[in-house]
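Please open the model in a viewer and keep the selection tool at hand.

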Amino acid sequence: MKFLLRRVGFLLIALWAALTLNFFIPRLMPGNPAQAMMAKFHGHVNPLALKALEVAFGVNTHQNLISEYFQYLGNTLTGNLGVSVSYFPLSVTSVIAKALPWSLALVGVATIFAFAIGTVLGAITAWRRGGILDNLMPPVFIVVSAFPYFWVGLLSIWLFALTLGWFPLLGGYDETATPTFTWGFIVNILWHAVLPAFTIIITSIGGWILTMRNNMLTVLSEDYVKMARAKGLKNKRIIWQYAGRNAFLPNLTGFAMSLGFVISGAILVEYVYNYPGVGFMLLQAVVNEDYALMQALFLLITVAVLVSIFISDILTAVLDPRTRVQT
C-alpha cells in the first residue's frame, strides 16, 4: 500500500508541475491567440474585433495572473481547453477528439506490434547466440532503425504506392468514401494505414530486438537459469518462464513511455502520409500559431506519458516483488 501511495503522490506532483509549466510557458511568449489570428489579415485591426476575439479565446489581459492560473486549473479539470484558432469556432476538446482515435489506432497498434515482435525475436536470438538469426537480424534491424521516419516513409510511398501501386498514396481514407461505420469503410481505413504502420514498425523494431537480446544474455548467465538447465527442463519453459520473464522487466518502462508518446502520434510519419492524427494536427497548430491547441496537445502528451509510467511501475511491482521492498 505504501508503494502505491508513493507512486500516486509522484504522479500527482508531476501532473501539477506539468499543468503549471503548460500555463506559464505560452504566456511568456509575445502576443496572444487573438492577435495571432488577426495578424493574418495584414491590415488595421479593429479594437472591438480584437476584444471580441480575446473574449472568445478566453484571453483576459487585465486579469490577475494568479487568479487566471486557478481559473486555468479549473477549466482544465472540467475539459474546457479553449477555442482553436485553426478550426475556429470549434473548441480544442472537440478538435482533439476527432484526431485522437486515428493516432491511437495507427501508432498505438504499430507500437505494440513492434514491441511484441522485437521482444520475441530478441529473446530467440539471445537463446541461439552465434546462430544465423543472431548474426543477421540485430545488425540489419539496427541499421534500418537508424533511418529517419520521413525517409522510410517517402521510400515506401515511392515503391509501394507510386511504382507498384499496391497501396493508397496519402490520407486516412479515400476522398470519395463516405465516413460510415460499415465494413467497406473500415477496410478502406485499414488499407490506408498499412504503409504508415509499416514505417513505424520497421524503424522501431530494431531497438526492441537489441535491448531484449542484451537483457536476455545477462539473465541467461544467472545461476537459477543454469540450475533449470541442469534439472532438464524444456527449453521453451526456460526461455519464457525463467529467463524471458526477468529479461522483459527492464523493457517494460521503455514500452510504457512509448505508449505514452502514442498520443502525440508519429509526427513525421503522419505528416509524410498526410494522416489525420494528432501528430499532423500538432504541426498544423504550430504553423497556424494555434496556442490553445498546442497547449492542450502538449498537456495531453505529458499526462499520457505520466499515466503510462505509473501503470508500468505497478505492473513491475506485480511481476517483480523485489521492487516493492522499502529502501
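Select F160, W166, F167, W191 and F198 in this predicted model; ring pairs link these residues into a cluster. In the structure as a whole, a search finds 9 aromatic pairs.

The ring centres of F167 and W191 lie 4.9 Å apart, with planes at 40 degrees, so the pair is tilted. F167 belongs to the loop between α7 and α8, whereas W191 sits in helix α8; the pair therefore ties together parts 24 residues apart in sequence. W191 itself is partly exposed, at 45% relative accessible area.

Which residues have the most contacts inside the largest nonpolar core? Select L106, I200 and Y273, which hold that position in a core of 18 residues. At least two residues of this core come from each of α5 (92–127), α7 (149–163), α8 (183–220) and α11 (267–272). The greatest contribution is that of α8, with 6 residues.

Centre the view on Y273 and show its surroundings. Beyond its neighbours within four places in sequence, Y273 is in contact with G153, S156, I157, L169, L170, G171, L195, P196 and T199.

Finally, select I96, L100, A285 and Y291. These are among the 15 residues of another core, which lies apart from the largest one.

Terms used:
Residues numbered from 1 in each chain as written. Predicted model: local features only at pLDDT ≥ 70, side-chain atom pairs only at ≥ 80, totals over all residues. Heavy atoms only, no water. Core = buried A, V, L, I, M, F, W, Y, C linked by side-chain atoms within 4.5 Å. Buried < 20%, exposed > 50% of the residue type's maximum accessible area, 1.4 Å probe, protein only. Helix = DSSP H or I, 4+ residues; strand = E, 2+ residues; numbered from the N terminus. Contact = heavy atoms within 4.5 Å. Phe/Tyr/Trp six-rings, centres within 6.5 Å; stacked < 30°, edge-to-face > 60°.
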